[in-house]
Amino acid sequence: MSIGPMVQPQGDAPPAPLHGWTPRALYIHIPFCTNKCFYCDFNSYVVEGQPVDAYLDALEREMERTVAALPPETIRKVFVGGGTPTVLTPAQMTRFLDSVARHFPVAPGAEFTMEANPGTTDPAKLEAMRAGGVNRISFGAQSFDNGLLAAIGRIHEADDVVRSIENARRAGFTNLSIDLMFGLPRQTLEQLKDSVEKALELDLPHYSLYSLKVEENTLFHRLYERGELPLPEEDVEVAMYEHLRERLGRAGYKQYEVSNFAKPGFESRHNGTYWRNEPYYGLGAGAHGYARGERHMNVKGVQAYIDAAAIGLPRKETHTVTVREAMEDFMMVGLRLLDGVREADFRRQFGGAASEDVFGEVLAKLREQGLLERFGEGEAAGYRLTEKGIPLGNEVFGAFL
Amino acid sequence: MADNQRKQSHIRNFCIIAHIDHGKSTLADRILEYTGTLTSREMQDQILDSMDLERERGITIKLQAVRLQYKADDGETYTLHLIDTPGHVDFTYEVSRSLAACEGALLIVDAAQGIEAQTLANVYLALDNNLEILPVVNKIDLPSAEPERVKQEIEDVIGLDASDAVLASAKNGIGIKEILEQVVTKIPPPQGDINAPLKALIFDSHYDAYKGVVCYIRVIDGTIRAGTPIKFMATGATFDVVEVGTFKPRATVVDELGPGDVGYVTASIKNVKDTRVGDTVTNAKNPTPEPLPGYKRINPMVFCGLYPIDSSDYNDLRDALEKLELNDASLRFEPETSQALGFGFRCGFLGMLHMEIIQERIEREFNIPLITTAPSVIYKVTLTSGQQLEISNPSEYPEAGKLDFVEEPYVKASIIVPKDFVGPIMELCQSKRGEFIDMQYLDTNRVTLKYDIPLAEIVYDFFDQLKSSTKGYASFDYELSGYRQSNLVKMDILLNGEKVDALSFIVHRDRAYQRGRVICEKLKELIPRQMFEVPIQAAIGQKVISRETIKAMRKNVLAKCYGGDISRKRKLLEKQKEGKKRMKQVGSVEVPQEAFMAVLKIDE
């Protein structure tokens, strides 16, 4: 990996560009879904009646402008998220993936993930995806309990998940993952255990297990404010988390991040970009990118994005990250990885600065609280969450801000 | 000279006495509008209540004084000074000073509700100041209005002749002219000798960043102008006047203020302690022999600790208190230290509303997040050694062995209430250790109840309970009636095994167990889960009488890092951090602001 100019954290000096190296990761957002789930506050719109082709045109405009502004080097990780990218028709899919390949030099062995919802991946579409370079699919299964699925606004049923995985395998995909959610309204520990067993029966190399977070501007938030969202008690949620950590561990999966479990070698490499605070291209409506020490967010609305991309880079906000902020981000996201943050990486990103000089007091306090531990010596040293710290991660991450 | 006398004979100084909600501010607005003091474009609703807080609460805290020009039916133009008065029991002294600046008062009574306890208290103050009182029956447009009954009530209860009472609706502008005519014809012009040495009353003041202290004065004798050497008789401070002016309603410079005039004076006064509401201003070179009567440094009745949540705000908090003290003669503060809360101030207030207002103003106007400890009164403690102490902070309460006896302040409470609520009120007063004194019918429907009640019970939650047990119909006034010996104990609260001095309180022994239990429950609700289990205990001396446990926090972790949206994750964590900043680290426990007031918020 080539590394760009280094920066020294200095008091009043103007912020030098951080992370000067060219992104090796690419995120593209497809903001369409068949419907809106009750907990969802992502940038997504019901696809019916949306100008999908015009959107794909606009994406190509943004790709052109992006590579002109920041010519890419070999891309090692691609992630197409949404929304539900698999609501595209096979023809739209082929055309979209072609445009990606035309603008970005995706390495032959790159990880190329696409998000999908069960029931949106027929064989023709899967073939278009495979032909276009996709080699990893992440399905939003969420639960194997049809009652719960309906209660959170999903339109698929448990059987659809199984069928979709079968179809994907038949089409030649082996690197597959599903998302499951816990802490859902009225969900019991028994229901979660049952879903975990059904998920494990699929024998996938990767599982993401998220607890529900009630976000503003969602149906769930309105219900929550009215006191009409019967979420499980904290102790039940803890029991759920403990169960799935234990059960997946027993099944041979390593928890490599707060919410992610994988067979060795199947960790999500793209998400690793975020967790290691490394740069990435971000394209599409509402997408976030991080390159040359700048974070940006694109305009969110579909038509607004199409209009903006016709004129220039469709940015809504651009923000120059200060050295201090980048250091905080590094700790905040890096400690989500159970292997923790390595001192060597910190020094490399921040021109030789030592994390202990910057965060000495915070690190000491978190260690005293038993939430964080130090490992290794010298260059190999680093920090990671303790067993106690894992379910209390926010207490740790927030302490660095 | 003749000019001066003519000018003086055309001045009328008056204020408005009314119960909260009886329409005082609306009437003041209409008067300003009618006299053209403000064009409708300038007219903000209820212009006199200038602080946000006053508008929100619908109460007047700060006094204001406005000069109006009114052309009366006799063809003459009169200068009227309308002096606004606060309408709450906590501010009786300020009311009495503003009344002292007037010759007359409008008594506004709601045509549906009739006379309230606070109105009555202020009418008596006005009568003490020999004011001409003009009754006005307001809100006659209400369907439930009974102006004749209310007029009768004014005659029966206060003993005023109400036959000429103006029937008005401030809201609809009815009766405004009639009111102004009565002001001109019935209120006497100010007395006072322009040739006598200067004598003027300070009835309010505020601090201006450019001009220093702005004193609101009513001139009794003599004149005052820029350059006049002045002396504040109570504090002894002397200054040269920089500027005099009147409020129209905006501050407007004039050459001179003479007898009967109401206006302001600035004199580059930097030290806020030099000017006191109620003090007399005189000419330093030619002083009046006698100051005006009635000045007193008034004594606060309720005390609490104010601490900055962030200890680095300590100096800012002192500055804020000094600035507030300027136009608040009754605010007291002195530094104190708490083991739990660090450096702060013990502050004295006139009452609970006053305390809440100061707390809110510090947080809003000075942006200093605060922790307020539960209010306390002054206890008189006699030790076995015979030594006597006055204690306003429970943490100073001596240990049982050294204590001979304790006395606590009692107030005489007057409550006016519709007769259907007499039962609940008596029950409430008894539950607050009240002793019945007297009950009288005001009319066929309404009753005045009088009780002797410990002040500590009043500051506790008496207002809230009074309101809720009478659907808001009761009105209430009180005055200090003296000290009595009581069987009191100090209750300590322990968090995680450590005594938190700021949570200690003094309570009657008979109620100690009950209150200890409830406060532990309440604290359990208010203190969020921590990284470890936190026991809460209530103890008298070494004896623990109640215990609760806050379970340890077990899970707090963000789910997903979606599409690389790091900034959102940051925002969520920053919000979490903001929440923590509103809490105070007490030993190892993070305690939210509200917890320190928990003792007030419990229903027994």
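In the predicted model, helix α1 (residues 52-69) of chain A packs against helix α10 (residues 302-311) of chain A at an angle of about 40 degrees, and their axes are 9 Å apart. Axes here are lines fitted to C-alpha atoms, for helices over the stretch in contact, with angles running from 0 to 180 degrees between N-to-C directions. That angle makes α1(A) oblique to α10(A); angles under 35 degrees count as roughly parallel, over 145 as roughly antiparallel, 65 to 115 as roughly perpendicular and the rest as oblique. The crossing of α1(A) past α10(A) is left-handed (the near helix is turned anticlockwise from the far one by less than a right angle; clockwise would be right-handed). On the α1(A) side the contact involves A:A54, A:Y55, A:A58, A:R61 and A:E62, and on the α10(A) side A:V302, A:Y305, A:I306, A:A309 and A:A310. Two residues are in contact if their C-beta atoms, placed from the backbone, lie within 7 Å. By class, this contact of α1(A) with α10(A) holds eight nonpolar, no polar and two charged residues.

A second pairing in chain A brings together helix α6 (residues 189-201) and helix α8 (residues 234-250), at an angle of about 20 degrees and with axes 10 Å apart. α6(A) and α8(A) are therefore roughly parallel to each other, and their crossing is right-handed. Here A:L189, A:L192, A:K193 and A:V196 of α6(A) meet A:V236, A:A239, A:M240, A:H243, A:L244 and A:R247 of α8(A). The contact of α6(A) with α8(A) divides into seven nonpolar, one polar and two charged residues. In this scheme Ala, Val, Leu, Ile, Met, Phe, Trp, Tyr, Cys and Pro are nonpolar, Asp, Glu, Lys and Arg charged, and the others, Gly among them, polar.

Chain A has 14 helices and 17 strands, taken as DSSP runs (H or I, at least four residues; E, at least two) numbered from the N terminus. Of its 401 residues, 48% are buried, meaning that 20 or more other C-beta atoms lie within 10 Å of their own.

Turning to chain B, the buried residues of α8(B) are B:L317, B:A320, B:L321, B:L324 and B:L326. Their cover includes β7 (199-208), β17 (302-308) and α9 (352-365) of chain B.

Residues are numbered from 1 along each chain as its sequence is written, while chains are lettered from A and ligands numbered from 1 in the order in which they are written. In this predicted model, local features need pLDDT of at least 70 and side-chain atom pairs count only at pLDDT 80 or more, whereas totals for chains, interfaces and linings use all residues.

Note on methods:
A residue is buried if 20 or more other C-beta atoms lie within 10 Å of its own, exposed if 12 or fewer, and partly exposed in between; C-beta atoms are placed from the backbone.
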